Amino acid sequence: MVFLYSRYKQNCAEDETKLLSLKDKNLPTVTVQLPIFNEFYVVDRLIESACNLEYPAKKLQIQVLDDSTDETVEKVASLVASYKKKGIWIEHVHRTNRKGHKAGALDEGMAKAKGDYIAIFDADFTPDSDFLLRTMGYFEDESIGMVQTRWGHINETYNILTKAQSFGIDGHFMIEQVARNGASLWMNFNGTAGIWRRACIEDAGGWEHDTLTEDFDLSYRAELKGWKFRYIKDVVCKAEIPATMNAYKAQQFRWCKGSIQTAVKLIPRIWKSKESWKIKGEAITHLINYSVHPLMIINILLTAPLLLMEFWAGFKMDDLPMEILFGSAAVLSIGSMGPVIFYAYSQREIHKNWKSKLVYLPILVMIGTGIAVMNTYAWMEAVFGIQSGFKRTPKLRIEKEGDSLQDKIKYVVPVDYRAFLEFFMGAYCVFCIYLSFMVGKPYMIGFMVLYSIGFFYVSYLSVAESFWKFKPASKAEKELRAVA
């Protein structure tokens with residue numbers, strides 16, 4: 001990925017010749033869709049950002065696709081009425097039947113959309129005012145079906161969790177997406193901060209809701225139809241990173257399960273397609289990427305049996321030829337450097353002070369390990385076709401370090417029983433550390449220390465956050481509810 005990025009990054013750089021002007025009378029009509037579900041804290045920020053987009057008023061339709069079941073409905077209605085009085089073409093589309101969840105809302109919005117192009121922004125995003133002027137020009141190429149921009153961060157420095165997450169997001173959006181799109185491999189729409197050509201959506205079969213990642217699903221179905229995508233790494237749309245562990249886990253569960261559902265659904269079609277082996281190989285690898293989590297759990301669970309192998313089977317690791325031991329060590333060492341280089345390189349390309357940020361890379365590894373239990377469940381549910389409820393990611397409008405999470409108790413995610421399994425995994429890793437000392441095989445201690453801290457950290461935060469809902473609402477919280 002890093003090699004492909006360094007070789008093809010100019011293919012994803014912003015092309016200033018594509019910048020549009022408001023003076024152009026031939027600008028097409030664009031429909032901006034804002035899918036929301038119970039987003040009381042952030043919906044005003046979202047709508048304000050959409051209404052501030054620079055584009056001819058008569059050619060910019062804004063749809064608030066509202067599936068909310070709480071006082072967000074009244075808040076949106078009030079905001080929409082207020083912006084309408086200012087001459088903005090904005091509509092409140094409220095559904096009482098949440099069939100298809102986000103995909104269903106987008107599909108229903110399409111039926112009422114007037115634009116030939118559909119821009120989509122989730123509730124936690126804040127597009128800059130020139131977003132459309134910097135992206136719409138790429139559709140001059142009739143083969144382009146979707147334009148995706150890079151995600152930025154509103155609250156990257158809020159806490160350890162957001163700092164670690166920003167690493168993962170930057171790696172995907174700065175390196176992966178550029179590597180794929182720049183090298184003419186398949187890439188996916190990331191669900192938000194992008195624009196679709198309406199004809200592309202319709203040609204690909206429209207929004208389907210048999211997976212939890214409708215964006216991934218539609219992307220590959222469109223590319224199977226021959227549509228091309230364009231990624232622009234220099235256009236950044238900032239978003240709020242989940243600041244609580246349970247919100248982050250809910251997001252990861254949905255992404256993991258949806259990706260594997262899409263893999264089960266589309267890999268046979270991709271395999272039978274006439275695309276090159278390079279495109280097929282990368283597309284399939286991308287789809288099954290979350291399989292790393294069940295493999296990680298299996299790897300950890302096999303540690304103790306491996307350490308006890310000498311006692312159980314009379315087999316001694318020392319009996320192996322040195323070539324095998326050194327060869328295995330070399331392969332594993334090289335492999336472990338891949339993620340380090342990948343994430344470090346993304347920070348180097350984005351930040352001037354990138355070296356100072358590398359301290360958070362081990363934290364990303366720990367958290368990535370800690371959520372492996374939750375994602376393994378998601379992976380198994382997808383593979384075995386087990387249906388589950390839609391796990392939304394609550395947005396709390398956490399923008400700066402002084403913002404309090406305890407005040408935002410409205411959407412606290414309840415503790416999941418898997419937090420106790422995470423604690424068990426942490427304890428098991430500690431047992432493996434003890435066992436390593438006992439049998440004189442200290443090779444795995446470093447990994448086990450990292451893993452145990454990750455499991456304990458994720459488990460602790462998951463349980464601790466669930467008790468916030470028992471705290472009394474602050475004065476600010478009460479005032480917000482009164483306004484609603």
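## Ser404 and its surroundings

Setting aside neighbours within four places in sequence, Ser404 is in contact (heavy atoms within 4.5 Å) with Tyr158 and Ile398. This is a predicted model, in which local features need pLDDT of at least 70 and side-chain atom pairs count only at pLDDT 80 or more, whereas totals for chains, interfaces and linings use all residues. Residues are numbered from 1 along each chain as its sequence is written, and side-chain values use heavy atoms, with hydrogens and water left out.

Ser404 sits in the loop between helix H17 (372-383) and helix H18 (418-439), helices being DSSP runs of H or I with at least four residues and strands runs of E with at least two, numbered from the N terminus. With a relative accessible area of 27%, Ser404 is partly exposed, a class between buried (under 20%) and exposed (over 50%), using a 1.4 Å probe and protein chains only.

## The nonpolar cores

A nonpolar core is a set of buried Ala, Val, Leu, Ile, Met, Phe, Trp, Tyr and Cys residues joined through side-chain atoms within 4.5 Å. The largest has 82 residues, and Val32, Ile47, Leu132, Trp196 and Trp207 have the most contacts inside it. Strand S8 (residues 228-239) gives the most to this core, with six residues.

Apart from this core lies another, of 19 residues, among them Ile297, Met425, Cys429 and Phe455.

## Helices H2 and H3

In H2, Val43, Asp44, Ile47, Glu48 and Cys51 meet Thr72, Lys75, Val76, Leu79 and Tyr83 in H3.
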